[in-house]
Amino acid sequence: SSVLYVVATPLGNLADLSPRAQEVLRGAAWIAAEDTRHTQGLLTHFAISARLLAAHEHNERHAAEQIIDKLAAGDAVALVSDAGTPAVSDPGAKVVEAVRAAGFKVIPIPGPSAAVTALSAAGLTDARWLFVGFLPAKGGERRRELEALKPVPAALVFYEAPHRIVDMVADLAATLEPGRTLVIARELTKTFEQIHVGPLADGPAWLAADPNHQRGEFVVIVGSPPPAVEEGLPAEAERVLALLLGEGL
Ligand code: SAM
């Protein structure tokens, strides 16, 4: 009973709430939610009644104290965010850190996360990927961060909001190598789900081609950079050449 369950919830399609997640939410004395009204909708759909408390980014420390009090009283608590997995571009990490520090057990109940969902259907064969999440909202800062990410030898995974998707993809195309693969995954698990895959250079035109392409929630993935071309000769060849030249040959 004195366990904090960290429960992943659907990204849109409610059928994605796993049987195990349903069981845990049903059994919890308290559900700590990012937005209690939003979570109430999910609970109503599954006819689950539980007491809700708010645990969002502006009250996470206070929420952690409340949750620790419930656990100390012997109650099981479930932590959820609005969509997907808590602590992935969402509140939750501070609560988990505090609950662990207080000596209580934390059990994850895995389920959807938009990043992994998009990756699973993107068809990228890149061995590595880096979760970036949301880039800075301001263009200058965003482009500076992209310059820093450019040489990272991995696919880059971003989250973006609809009102910034056009500017963000324009910055990707202007900053990163145009031949890199671009994946725009929108409305995952929902009615208008769409996964576009093409060269990064064509991204802005794809978004402009149809206003619907700019609507909804987005995961954007850019494939790994092209392999670095060795500049000049390999180090060993340089050394031998220097020796030979030094000997006047
Ligand atoms: N915790 C969530 C997870 O595990 O994926 C992420 C929460 S973050 C605040 C919300 C962002 O996730 C959205 O702006 C969007 O970038 C992405 N996202 C969430 N649901 C999505 C969906 N159905 N389709 C595409 N992207 C989605």
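The model is predicted; local features need pLDDT of at least 70, side-chain atom pairs count only at pLDDT 80 or more, and totals for chains, interfaces and linings use all residues. Residues are numbered from 1 along each chain as its sequence is written.

Helices (H or I, at least four residues) and strands (E, at least two) are DSSP runs, numbered from the N terminus. Strands pair if DSSP finds at least two bridges between them. Strands E2 (30–33) and E4 (77–80) share four bridges. Ile-31 has Ala-78 in E4 as its bridge partner.

A second open sheet has five strands in the order E6-E7-E10-E8-E9, with mixed pairing. Its edge strands are E6 (129–134) and E9 (194–199). Strands E8 (181–186) and E10 (218–222) run antiparallel, joined by five bridges. Ile-184 stands opposite Val-220 in E10.

The ligand is surrounded by 24 residues (C-beta atom, placed from the backbone, within 6 Å). Gly-84, Ser-113, Ala-114, Tyr-159 and Leu-188 are the closest. H5, E7, E8 and E10 each give two or more residues to this shell.
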